[in-house]
Amino acid sequence: MLKVSDSLIEAGKLNRLAGIVILAGGASKRMGTPKAELILPTGERLLDYHIRQALELGAALASNLPIMIADNGRGFTINSDLIKHLQSPIFHIADYVTNNDLLSDSDKPIETGGALVAIESALQSLVSSNQLTKDASCHQSWLLVISCDSLIPINDLWQKLRPDMTQNPDKAVICLADDHHLYPLLGLYRLIIEPDLKHYIDGGQRQVMRFIKPLVQPIPFAKKWQYLTNFNTPEDFDHACLALNDL
C-alpha cells in the first residue's frame, strides 16, 4: 500500500495540481459523432468548453498548468480565441503504446486503447517534465482527469476532490462516486502511481476498476451533477445541457 511520510502530510504539501488531461479519444458510437465535437446551446464546442475552464483553473491557482488533450490521434483543433493570451501550455498527447501493441499488428490502427493508456501518457509527461522535478516530488503532485462525456465544470470538480488529497494520504486515486458506481474518469491521480500503471498496462491489462480498486478514495456525487456526466446518446447530451443551465 502507498505510504507517505508524516512530514509531508504535516506540511500540507499533498495538494499540488501538476496538470490536467482531457480525455477525448472515445469511439462515441452511440452518440454518432465525437463527443469532443458536440456543440453546447451557447455555441461552444465541448472540447473548447473544457479547455477554457482548465485555463481558468490554472489562472485561479496562479499556475501554468499543462493542459493535455488525449484524443487518440484524432487531432481535434483548439479554438484560436482560447490561445491568444495563453497562460498554460496546451498540447495533444499520444496514448501510451506497449511494445506488444507495436509488434502485434503494426499495420492495423488501434481504434481505442481505453482510458488507462491515455492517463499513463499524461502521467509520463508530467513525471518527466523539468518543472516537476524542480518544484515537487511525485508524492506531492496530482493529475486531474476529466472526460469529454461530462459537463461538470472543472473548477467545481477540483474543489470537490481537493480536500481528500490530504485527508486520505494513503490513497492515490480520488474520484467521484454515486450509490452504485465509481467515476474514475472524473478524478485525481497521484503521479507516483505512474510506474505501477505502466507495469499493469504492459501486462496486457486495460480495466480501470481493477487497477484503481486498492488505491481509490470515492467522493460522493453532488446531486446537482446527476445528469451532467456519462452521456452516450444525443438525448443524454440534451438532458445534460438542460441540467447545466440549472447550475
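Mentor: Here is a walk around Glu 120. The model is predicted, so local features need pLDDT of at least 70, side-chain atom pairs count only at pLDDT 80 or more, and totals for chains, interfaces and linings use all residues. Residues are numbered from 1 along each chain as its sequence is written, and side-chain values use heavy atoms, with hydrogens and water left out.

Glu 120 sits in helix 4, residues 115-127. Helices here are DSSP runs of H or I, at least four residues, numbered from the N terminus. Glu 120 is buried, meaning under 20% relative accessible area with a 1.4 Å probe, protein chains only; exposed is over 50%, and partly exposed lies in between. Yet Glu 120 has no salt bridge. That term requires a side-chain nitrogen of Lys or Arg within 4 Å of a carboxyl oxygen of Asp or Glu. The nearest side chain of opposite charge is Lys 198, 6.4 Å away. Lys and Arg count as positive, Asp and Glu as negative; His and the chain ends are not counted.

What does Lys 198 pair with in a salt bridge? Its partner is Asp 202, with the closest N and O atoms 2.9 Å apart. Both lie in helix 8 (residues 194-202), four residues apart, about one turn of the helix. Lys 198 is partly exposed, at 31% relative accessible area. Asp 202 is partly exposed too, at 29%.

Back to Glu 120. Leaving out residues up to four places away in sequence, Glu 120 touches Tyr 96, Glu 194, Leu 197, Lys 198 and Ile 201. Contact means heavy atoms within 4.5 Å.

Note on methods
Helix = DSSP H or I, 4+ residues; strand = E, 2+ residues; numbered from the N terminus.
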